[in-house]
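Please inspect the model before reading each solution.

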Amino acid sequence: MITVKNLTKRYARTVAVDQVSFEVAKGQIVGFLGPNGAGKTTTMRMLTCFLPPSAGTANVAGFDVLEHPLEVKKRIGYLPETPPIYPEMETAEYLKFVGKLKGLRGADLQKRIDYVSERCAIADVKTKLLGKLSKGYRQRVGLAQAIIHNPDVLILDEPTAGLDPKQINETRDLIKDLAGEHTIILSTHILPEVEQTCEQVIIINKGKLVATDSVRNLQARARGAESVLVEVGGRDGSLELPIVQHKLEQVPGIGRVLCKQQVDGRAVFEIESQKGQMIRGDLARAIVQSGWDLNELRPSAMSLEEIFLQLTGSDATVEAENEKVEAVPEGVQP
Amino acid sequence: MRNAWIICRKELGSYFASPIAYLLLTMFGLIFGYFFWTAVAVFVVEGMEMQMRGQMFPMNVNEQIIRPLFMNVSVIGLFMIPLITMRLFAEEKRTGTIELLATSPIRDMEIILGKWMAALLLYSSLLLFTALNFAFLFRYGNPDWKPLLVGYLGLLLQAGALLAIGTFISTLTRNQIIAGAATFAVCLLLYVFGWVSSFESATWARVLSYTSVSNHFESFVRGVIDSKDAIFFVTVIFLGLFLTARSMESLRWRS
């Protein structure tokens with residue numbers, strides 16, 4: 001449904017999107033994941049024909065974004081980061097306007113307005129001014145606007161940003177619901193969101209494609225081998241590191257032993273099992289039987305979050321992310 | 001064209017849903033009403049004086065009331081036009097709704113035409129006030145209606161040209177005040193460029209004064225449709241809308 005090849009967007013000084021390629025099959029929900037400023041919005045804007053790519057091609061629903069923008073636009077629904085609503089319009093009036101823009105007329109238009117109002121649960125605010133609606137309602141009106149012409153492809157830019165937890169769940173359910181009929185790309189920087197709603201993940205960072213895989217594969221990658229952190233202490237305050245290391249390596253099923261830190265008489269090891277082996281019991285026994293103290297033993301299984309950080313290569317992003325979730329979204333920067 | 005009409009309807013709706021249309025109507029109504037009242041009063045007083053002195057110069061409603069009033073309207077228009085056009089694109093850029101328009105299956109030119117037409121229609125609704133006042137002249141006097149219509153045509157052409165320029169300027173910024181102020185400056189300059197011809201006759205002065213909207217407007221006020229002047233306004237309209245289209249396109253490439 002969507003084929004992107006070496007898509008690049010250069011600005012005067014920066015490269016916002018650098019040679020990104022991916023494919024999305026019909027009917028899939030794809031999560032577009034990356035820290036802020038990674039190029040998610042820019043990529044989406046290129047897919048929606050809002051921005052022309054500097055290089056590379058993007059093919060949406062069988063049409064090239066540069067050569068047949070009108071045909072592409074007919075087949076996409078787009079919800080930008082800030083829902084594109086006119087505060088002085090009433091909900092029904094707005095949907096009618098957007099429907100007409102997208103080429104709907106007459107009875108068809110009315111039918112679709114009724115349908116999307118019901119689908120997005122905005123029927124009760126039909127005669128309210130959009131400017132007076134709460135953030136959650138605005139987001140749903142934005143979603144209604146995106147699906148009004150029943151597009152093949154839905155492109156949603158951070159559809160849950162700025163909503164409260166209940167609204168986030170509702171929006172996610174709605175999106176999952178829509179997946180059958182539409183091919184959906186949604187961008188987000190919230191990992192659980194991808195785990196919950198998407199089948200496929202595309203991770204980008206600093207404009208570059210980092211990984212594209214199914215959520216299941218990524219999770220398998222995260223949970224395949226057990227990894228534990230062990231703190232071992234010597235009885236009399238002294239601990240001979242090589243001996244401990246050797247002993248630990250003798251335990252059956254161990255893949256790799258790594259000493260992470262050592263402070264007078266105590267040492268922390270990170271131990272990885274071989275694939276599919278449970279090692280914690282044997283490990284504890286081996287340490288205690290050798291006469292050392294087992295101060296701590298905890299699993300350090302890699303979560304999707306860690307994979308993400310590993311791939312995007314920075315710890316700072318998560319904190320930045322958390323701040324962003326609470327921050328009021330700023331105006332769009334076209 | 002149908003899409004342009006959809007945009008136009010929406011823009012008109014926005015004008016009349018917000019206070020701006022009513023504010024403009026009130027301001028224009030008050031200002032023009034005052035001008036009309038003074039023009040008629042002067043005309044009446046002059047008429048009485050002439051009768052008392054026994055002079056019977058022919059007095060002409062068209063020349064003594066309508067013609068100066070048309071000049072006044074075109075000057076008031078200079079103040080109204082920036083207020084009409086400043087929001088057209090600047091607001092859409094600020095609120096992000098431009099993304100909706102730009103990702104809908106319509107052409108840039110349809111968006112631009114729709115917005116420009118809405119601006120022109122709002123300006124025309126201001127002119128309705130003047131028609132209301134002029135109706136009194138027909139009730140109590142006997143003005144010639146043909147120069148009146150030509151005058152209106154001139155007003156619409158002049159406004160169309162300045163509105164096209166304003167529309168273009170509105171695409172350059174996301175700040176309405178900047179758009180409005182810049183449009184006002186350009187409109188005013190285009191109006192007063194004609195003055196140079198009174199003291200300078202070099203080529204540059206002739207070119208400058210040729211770009212002046214007031215020079216081209218005068219013939220219409222006299223009741224004459226001069227093709228040279230009509231073509232000037234139509235050219236400026238096309239130029240303004242063309243620049244708007246280019247600006248929208250560059251918006252996408254730069255952004």
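**Exercise 1.** Are H3(B) and H6(B) roughly parallel or roughly antiparallel to each other?

*Solution.* The model is predicted: local features need pLDDT of at least 70, side-chain atom pairs count only at pLDDT 80 or more, and totals for chains, interfaces and linings use all residues. Residues are numbered from 1 along each chain as its sequence is written, while chains are lettered from A and ligands numbered from 1 in the order in which they are written.

Step 1. Helix H3 (residues 61-85) and helix H6 (residues 108-140), both of chain B, pack at about 155 degrees with axes 11 Å apart. Helices are DSSP runs of H or I with at least four residues; axes are lines fitted to C-alpha atoms over the stretch in contact, and angles run from 0 to 180 degrees between N-to-C directions.

Step 2. H3(B) and H6(B) are therefore roughly antiparallel (an angle over 145 degrees).

Step 3. The contact (C-beta atoms, placed from the backbone, within 7 Å) involves residues including B:Ile65 and B:Met80 of H3(B) and B:Leu122 and B:Phe134 of H6(B).

**Exercise 2.** State how many residues each chain gives to the contact between chains A and B.

*Solution.* Chain B gives 21 residues and chain A gives 23. On the chain B side, helices H1 (2-17), H4 (87-95), H5 (98-102) and H11 (227-254) each supply at least two residues.

**Exercise 3.** Locate the domains of chain A.

*Solution.* Domain 1 spans 2-221 and domain 2 spans 227-299, with bounds from an automatic or database domain assignment. Their centres, taken over C-alpha atoms, are separated by 49 Å.

Conventions:
Angles under 35 degrees count as roughly parallel, over 145 as roughly antiparallel, 65 to 115 as roughly perpendicular and the rest as oblique. Two residues are in contact if their C-beta atoms, placed from the backbone, lie within 7 Å.
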